[in-house]
Amino acid sequence: MVEEVSTDTGARPAEKDFKRDTNYIETRITADGRDGYPVEADRYRLVVARACPWANRTVIVRRLLGLEDAISMGMCGPTHDDRSWSFDLDPGGVDPVLKIPRLQDAFLARFPDYDRGITVPAIVDVGTGQVVTNDFPQMTLDFSTEWTEFHRDGAPDLYPTALRSEIDEVNDVVFRDVNNGVYRCGFAGSQEAYDKAYDRLFARLDELTDRLAKQRYLVGDSITEADVRLFTTLIRFDAVYHNHFKANRNKLTEMPVLWNYTRDLFQTPGFGDTIDFPQIKEHYYVVHTNLNPSRIVPKGPDLSDLFGEHGREALGGKPFGAGTPPPPPPASEAVPAANGANYSPR
């Protein structure tokens, strides 16, 4: 399940661990167009929701690589119903480019009998109105490796050839125990399943703490795909996962290495400027009615210290390697200041 509408809201069988549906549409957009969808500027629309950590990855990578002018972006609201994510943030509740009210419409345009979860992120072929892919792990890698013709000057290499095997290895364990691990805690159907997920999550966070105590970034001496994937979980940890998903051994702010690592990335252009805390909290606390029947959204926590000193520069490394920071996001895509970098519930 990638913030999909068909599984997160229902009760879990008591005897089972949380199982994520990873059967995505594997069609790829490539430079050679081998799946029938060649890389082409202005042809595709990336559909995301700021609330979703998996979609957040694509927003960050698109920003860092400077693909805004090549791939447009549609924004769903923070909540959804049993049918689909919807474009309720747009005038009239209709995406201004795709001319549809629900992301489901793009899935059904290509697969009339589509019966799986409607997930973000998804890429839609604007001309046909049909979904191309919702395979989020491959999507960001293809942004890095297939869309190079449209990378901005100074774009960082987020998936360097020499480091790919190590990045893939780190991504695998981070996905299993952290990205998906918080969900395995939150949606455990039994005490035994919860205990197992909890222990795996914090054991992995402890291992990551040891690793990041000695180096500024997860792999190599600059930001890579691995950092993007870990960041989108860590930045949601205190606001959602600690309480809502019962991942409560420690808050992130009580784990100094990981907190400073997160602050370092949050303060890096392309990361913190994609984060909307009110939308993040609204999604989890309103949609997951089996975990929060009242749909009351907590007012806290105060995360204004995200701009505090982190001291990570002492470990060396350069955020963008030989590249440069991305420019500010387009005005139409900017997160309101009160919702993001300056967020405080006080």
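Is cysteine 52 buried or exposed? Cysteine 52 is buried, with a relative accessible area of 0%. The close-up views below come from a predicted model.

**Figure 1. The two residues recorded as "active site".**
An unreviewed UniProt entry places the feature "active site" at Cys52 and Tyr183. They are spread over 132 residues of sequence, yet they cluster in space, with a largest C-alpha distance of 12.6 Å. Cysteine 52 sits in the loop between β1 and α1. Its relative accessible area is 0%, so cysteine 52 counts as buried. Tyrosine 183 belongs to helix α5, which covers residues 181-186. Tyrosine 183 is buried as well, because its relative accessible area is 0%.

**Figure 2. Asparagine 179 and its partners.**
Asparagine 179 is part of helix α4, residues 164-179. Its relative accessible area is 1%, so asparagine 179 is classed as buried. What does asparagine 179 contact, leaving aside its neighbours within four places in sequence? The contacts are Trp54, Arg57, Val174, Arg229, Leu230 and Thr233. Two of these partners can be viewed in detail. The side chain of asparagine 179 reaches the backbone oxygen of arginine 229 at 3.0 Å. That side chain also makes a polar contact, at 2.8 Å, with the side chain of threonine 233. Asparagine 179 and threonine 233 are 54 residues apart in sequence. In space, their C-alpha atoms are 5.8 Å apart.

**Figure 3. Helix α3 and its cover.**
Helix α3 spans residues 136-145. Seven of the 10 residues in α3 are buried, and the helix is mostly covered. Which residues of α3 are buried? They are Phe136, Met139, Thr140, Leu141, Asp142, Phe143 and Ser144. The elements that cover them include the strands β1 (44-49), β3 (122-125) and β4 (130-133). Helices take part too, among them α1 (53-65), α4 and α7 (225-234).

**Figure 4. The largest cavity.**
The structure holds three cavities of 30 Å³ or more. The largest cavity contains about 80 Å³ of space. Which element gives the most to its lining? Helix α3 does, with four residues. The lining of the largest cavity consists of Thr27, Arg28, Ile29, Ile123, Thr133, Asp135, Gln138, Met139, Asp142, Phe143 and Trp147. By class, five of the lining residues are nonpolar, three are polar and three are charged.

**Figure 5. Two cis peptide bonds.**
Most peptide bonds are trans. How is the bond from valine 120 to proline 121 arranged? The bond is cis, with omega near 0°. Proline 121 lies in the loop between α2 (104-110) and β3. The bond from glycine 300 to proline 301 is also cis, with omega near 0°. Proline 301 is in the segment after α10.

Most residues other than glycine have a negative phi. Aspartate 42 is not a glycine, but its phi is positive, at about 70°. This aspartate lies in the segment before β1. Aspartate 42 counts as exposed because its relative accessibility is 63%. Arginine 295 is not a glycine either, and its phi is positive at about 60°. Arginine 295 is found in the segment after α10. Its relative accessibility is 48%, so arginine 295 counts as partly exposed.

**Figure 6. Glycine 316 in the segment after α10.**
Helix α10 covers residues 277-287, and glycine 316 is in the segment that follows. Is glycine 316 buried or partly exposed? With 27% relative accessibility, glycine 316 counts as partly exposed. Glycine 316 and asparagine 339 are 23 residues apart in sequence. From C-alpha to C-alpha, the two are 31 Å apart in space.

UniProt, in an unreviewed entry, lists residues 160-287 as "domain: GST C-terminal". How much of this span is helix, and how much is strand? Residues 160-287 are 66% helix and 0% strand. The end C-alpha atoms of the span lie 38 Å apart.

Methods. Residues are numbered from 1 along each chain as its sequence is written. Side-chain values use heavy atoms; hydrogens and water are left out. On a 1 Å grid over the protein atoms alone, a cavity is a set of points where a 1.4 Å probe fits but cannot get out, and a pocket is an open set with protein on both sides within 12 Å along at least five of seven lines; lining residues have an atom within 4 Å of a point. Grid points are joined across faces, edges and corners, and a volume is the space filled by probe spheres set on the points. Helices (H or I, at least four residues) and strands (E, at least two) are DSSP runs, numbered from the N terminus. Ala, Val, Leu, Ile, Met, Phe, Trp, Tyr, Cys and Pro count as nonpolar, Asp, Glu, Lys and Arg as charged, and the others, Gly among them, as polar. UniProt positions are given in the numbering used here, feature names are shortened, and annotations may be inferred rather than shown by experiment. Buried means under 20% relative accessible area, exposed over 50%, partly exposed in between (1.4 Å probe, protein chains only). Contact means heavy atoms within 4.5 Å. A polar contact is a pair of N or O atoms within 3.5 Å; within protein, one must be able to donate a hydrogen and the other to accept it, and residues adjacent in sequence count only if both atoms are side-chain atoms.
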